[in-house]
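Please find below a short note on the model under discussion.

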Amino acid sequence: MKNLMMAFRSLFKKGRNNGIKMLSLGVGLAMGLVLISKVMFEFTYDDFYPDKDRIYMINTIIHRGNNADRDFTGVSGGVAPGMKREIPEVEVATRYAWFGQEVIFKTPDKRKYIGDVIYADTCFLMSYPCRLSQEM
């Protein structure tokens, strides 16, 4: 207890810059916690997909002369069935297109849900199986 009181008294002595030291220690600890939480989020944001390491998405990159490359999240319509047919390692392939607007759904008990609409082929739900938690 005596050592704690001496440490507390020495905090407010002049010429030691203890306020700056405490502030920098607090900021450093806060930034460390933010970085740890960011890393944990990056490793756990898609845990609801079983076998998530086996799901891939193909993008299109367009090169046009001197213009910057453009990256699109989709490919032509025949790529997914072609990959399924030609590459034996591909188990399921699907394609989808975003409809582009929100739709309001109403249930029989008058509850409203707002959702996005996509056009997808028949393999879409086989490609993205979800493992629902017990709380839901």
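Which backbone nitrogen lies 3.4 Å from a polar atom of the side chain of Thr94?

1. The nitrogen in question belongs to Phe124. This model is predicted, and the distance should be read accordingly. The side chain of Thr94 also makes a polar contact, at 2.4 Å, with the side chain of Asp121.

2. Thr94 is placed in the loop that runs between helix H3 (79-86) and strand E3 (96-106). Its relative accessibility is 19%, and Thr94 therefore counts as buried, the limit being under 20%. Leaving aside residues up to four places away in sequence, Thr94 touches Ala80, Asp121, Cys123, Phe124, Ser127 and Tyr128.

3. Asp121 also forms a salt bridge with Arg95, with 3.7 Å between the closest N and O atoms. Asp121 lies in the loop between strand E4 (112-120) and helix H4 (124-127), and Arg95 in the loop between H3 and E3, so the pair ties together parts that are 26 residues apart in sequence. Asp121 is partly exposed at 24% relative accessibility, and Arg95 is partly exposed at 38%.

4. The structure holds five salt bridges. One of them joins Arg54 to Glu91, the closest N and O atoms being 2.3 Å apart. Arg54 sits in the loop between H2 and strand E1 (60-62) and Glu91 in the loop between H3 and E3, so this pair links parts 37 residues apart in sequence. Glu91 counts as exposed, at 52% relative accessibility, whereas Arg54 is partly exposed, at 45%.

5. Lys38 forms a salt bridge with Glu42, at 2.9 Å between the closest N and O atoms. Both residues lie in helix H2 (residues 18-44), four residues apart, about one turn of the helix.

Note on methods:
Residues are numbered from 1 along each chain as its sequence is written. This is a predicted model: local features need pLDDT of at least 70, side-chain atom pairs count only at pLDDT 80 or more; totals for chains, interfaces and linings use all residues. Side-chain values use heavy atoms; hydrogens and water are left out. Helices (H or I, at least four residues) and strands (E, at least two) are DSSP runs, numbered from the N terminus. Buried means under 20% relative accessible area, exposed over 50%, partly exposed in between (1.4 Å probe, protein chains only). A polar contact is a pair of N or O atoms within 3.5 Å; within protein, one must be able to donate a hydrogen and the other to accept it, and residues adjacent in sequence count only if both atoms are side-chain atoms. Contact means heavy atoms within 4.5 Å. A salt bridge is a side-chain nitrogen of Lys or Arg within 4 Å of a carboxyl oxygen of Asp or Glu.
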